Amino acid sequence: MIKARFIYNPRSGYNIKSPGVIERTRRFIAENTARFDAALVSTTHPHHATELARDAVAAGCELVVAVGGDGTLNEVASGLVHSRVTLGLIPCGSGNGLGRHLGIPGPGERAFHTLLHGTPRLIDTGLVNETHRFFNVMGLGFDAEISRRFHSLTLRGLPTYLRLIVGTWLRYRRPSVAITEPASARIDTRAFILAVANSDQYGNNGYIAPGATLDDGLLDLTLIRRAHILNVLPLALRLVTQKLHPSRNIHRARAAHFIIDRAAPGLIHTDGEPRESPARVDIRVVPKSLRILAPSGQGNS
Ligand SMILES: Nc1ncnc2c1ncn2[C@@H]1O[C@H](COP(=O)(O)OP(=O)(O)OP(=O)(O)O)[C@@H](O)[C@H]1O
């Protein structure tokens, strides 16, 4: 019998639209009482999921399932890193980047099947300024600005993201950054997007770091210097076709540690959640620090 807790965020993209997932989760728990001694709890406010995950660890749970988007996953996983407790996923956010990378794109039957038949894997996690953890992608630049604007809206989902992207893009002023990475000289540039990824995608199959893997002890940096009227459509196409290869406009690097300096403190995002950060953004990998349940024999590594 596995002691489990399901942490449900009623404010995640999919859950706002439909009560289907919570009903399916309740049914799953009822149908599997021989296998799981499980309770379902709902968050009542932002960051509550981390408290609930820590409570579950203290109560001796072996499995904690995040029922929400990447923000919920971030909060739940933050309460589980370095523990022996396994994270399960029922992805119901707007993007579901980590779930898609693992082969669990949404809250369908595959997610529930994985809870019964998946394989626990130890994956890397990311840490920003020794304060904010990320499990999927962090960034500064345009994506952080989109996450800030998205966060203040009640509407969620891909169409909302796309409207925001188009509305923000033309007026966006690129920050100046200095990137220090161990294997190369310092890069001074303006950055439209500067993302550091654990998985290969933001979500919605937007592959910001094609080839990135979750357990190589490394993070993948992608710098897109500019996105103007002439190159924005080809860039978008390369993002969805996993072809963001290095070029004059795109720099990519793989390392365990990056330092990014800006002129002033400013915005970053971790797994799509906007945060304020000092001018220096210190990003490092924490190797094999989270146990996560993934589909057996499928999905990305
Ligand atoms: N009960 C709650 N009331 C209000 N906000 C909440 C509550 N529980 C969690 N939150 C906040 O909801 C936000 C969005 O959650 P989440 O990221 O899971 O959904 P999403 O944004 O739709 O998904 P994705 O990150 O995949 O795009 C997070 O910032 C989280 O802190």
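Q: How many residues of domain 1 are in contact with how many residues of domain 2?
A: In this predicted model, the domain assignment of the protein gives domain 1 (2-117) and domain 2 (132-287), and the C-alpha centres of the two domains lie 26 Å apart. Counting the residues in contact on either side gives 16 residues of domain 1 and 20 residues of domain 2.

Q: Which element gives the largest share of the side of domain 1 that touches domain 2?
A: The elements that give two or more residues to this side of domain 1 are α1 (13-17), α4 and α5 (97-102). By class, the residues of the side of domain 1 that touches domain 2 divide into 5 nonpolar, 9 polar and 2 charged. The largest share, 6 residues, comes from α4.

Q: Which helix provides the largest share of the shell around the ligand?
A: The ligand is surrounded by 25 residues, and the closest are G13, P46, G69, G71 and G93. Both domain 1 (2-117) and domain 2 (132-287) contribute to the shell, with at least three residues drawn from each. The largest share of the shell, 4 residues, comes from residues 70-78, that is, from helix α4.

Q: How many residues of the shell around the ligand are nonpolar, polar and charged?
A: The shell is made up of 25 residues, with G13, P46, G69, G71 and G93 the closest to the ligand. Divided by class, these shell residues are 2 nonpolar, 18 polar and 5 charged.

Q: Which residues of α3 and α4 meet where these helices pack?
A: Helix α3 (residues 48-58) packs against α4 at an angle of about 35 degrees, with the axes 7 Å apart, and the crossing of α3 and α4 is right-handed. The residues of this contact divide into 3 nonpolar, 3 polar and 1 charged. On the α4 side they are T72, E75, V76 and S78, and these meet, in α3, A49, T50 and A53.

Q: How many nonpolar, polar and charged residues has the contact of α7 with α8?
A: The crossing of α7 and α8 is right-handed. The contact is made by E145, I146, R149 and F150 of α7, together with T160, Y161, L164, I165 and T168 of α8. Sorted by class, the contact of α7 with α8 has 5 nonpolar, 2 polar and 2 charged residues.

Technical notes:
Residues are numbered from 1 along each chain as its sequence is written. This is a predicted model: local features need pLDDT of at least 70, side-chain atom pairs count only at pLDDT 80 or more; totals for chains, interfaces and linings use all residues. A residue is near a molecule or strand if its C-beta atom, placed from the backbone, lies within 6 Å of it. Ala, Val, Leu, Ile, Met, Phe, Trp, Tyr, Cys and Pro count as nonpolar, Asp, Glu, Lys and Arg as charged, and the others, Gly among them, as polar. Domain bounds come from an automatic or database domain assignment. A crossing is left-handed if the near helix is turned anticlockwise from the far one by less than a right angle, and right-handed if clockwise. Two residues are in contact if their C-beta atoms, placed from the backbone, lie within 7 Å. Axes are lines fitted to C-alpha atoms, for helices over the stretch in contact, and angles run from 0 to 180 degrees between N-to-C directions.
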